[in-house]
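Student: I am new to this structure and would like to know what lies behind the words used for it. Can we go through some of them?

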Amino acid sequence: MINVLVIGYGVMTSGVIKRVVKNKKFNVTILSRHVSQDSDIRVIRKVSELEDVENVDIILTCFKNISESKKFFLSLINTKTLLCKPIFLDMSTSKISYVKYLKAIIEKELGDFVECPVTGSKLGSLNGDLSLFIHHSLEGEKKKKLFNLFNCISKKQYFFEEDTAPTKFKLLYNTWGAAILYTLKLFNPTSYDFSKKDESVALEIVKRDGWMSLVCSSKLDQINNKNFDDVHFKLEYMVKDLNYALEEVFYNNETKMIQYLIGKYCDFDEKYMEYDFSIIGKGDKL
């Protein structure tokens, strides 16, 4: 059995847990104050309770921001609870500079660090169809255990040669996606006074044909139906990722465009930050 400890129960980790517990290779424990006790999953509520969790092979983390991540990892150093030197598989999207910092403290104090930002959002985590952007240096039995987990939760795995390269690419990737999604606000056929019949033809074309079909087929119906409380990726997370990218990926003339894009995503009231980020594509009033 491979013992996996999952930190937190969010949109991404909740789907991953559902996949992993169905696989007989894994024994799952979750650290969360919010999830209810499940017969297949051991639940602990506090970091101090990790002292009672033995032989952890992999600790899977996916934090919503750097502040939460740092608080958790520093608490581990202070309590000295993990003596088994596990693999820390971090699926968070973070700053490049923070990944360097995190890798240093984990490998000095706690165990092995695997950088692994992901894409695929809620459906990908539920269906085991995530795409992983990975840098690691594991060998032998630890590598075997890690790859067993990769194969359980993901459809595609992309391996980068240098550390922080997965994070740099993920920030670039998310920003690019945010820019494409924003164009749906500008070019959605429903905004251009087609007849109902012609509008349905136009929507069928953009969802099924041409270069924009992947984006439109996955998000256009959600935008047009205003179904933004079906959260696949929170608006606040996209704003966070855009700011991280602005600080550490883009430079010179590109920053003006990214600042404009961030402004559009930040135009929403605070109450909408918990909604799905496809809300950016809605052109009229909510």
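This is a predicted model: local features need pLDDT of at least 70, side-chain atom pairs count only at pLDDT 80 or more; totals for chains, interfaces and linings use all residues.

Student: What makes β5 and β6 a pair?

Tutor: Pairing takes at least two bridges. Strands β5 and β6 have 4 bridges, so they count as a pair. Within this pairing, Phe 113 in β6 is the bridge partner of Phe 88. Helix α3 (residues 96-109) packs on the sheet and touches β5 and β6; its direction makes about 155 degrees with that of β6.

Student: Why are β3 and β6 called edge strands?

Tutor: The open sheet has 6 strands in the order β3-β2-β1-β4-β5-β6, with parallel pairing. Strands β3 (42-44) and β6 (112-115) each pair on one side only.

Student: Why is Cys 116 called buried?

Tutor: Buried means under 20% relative accessible area. Cys 116 has 1%, so the word applies. Cys 216 has 4%, so that residue is buried too.

Student: What are the buried residues of α10, and why are they said to line one face?

Tutor: They are Thr 255, Ile 258, Leu 261, Ile 262 and Tyr 265. Seen down the axis of α10, they fall within an arc of 125 degrees, so they line one face of the helix. These buried residues pack against α6 (165-187) and α9 (235-248). The face turned away from the buried side carries the exposed residues Lys 256 and Met 257.

Key:
Residues are numbered from 1 along each chain as its sequence is written. Side-chain values use heavy atoms; hydrogens and water are left out. Buried means under 20% relative accessible area, exposed over 50%, partly exposed in between (1.4 Å probe, protein chains only). Helices (H or I, at least four residues) and strands (E, at least two) are DSSP runs, numbered from the N terminus. The arc is that of the directions from the helix axis to the C-beta atoms. Contact means heavy atoms within 4.5 Å. Axes are lines fitted to C-alpha atoms, for helices over the stretch in contact, and angles run from 0 to 180 degrees between N-to-C directions.
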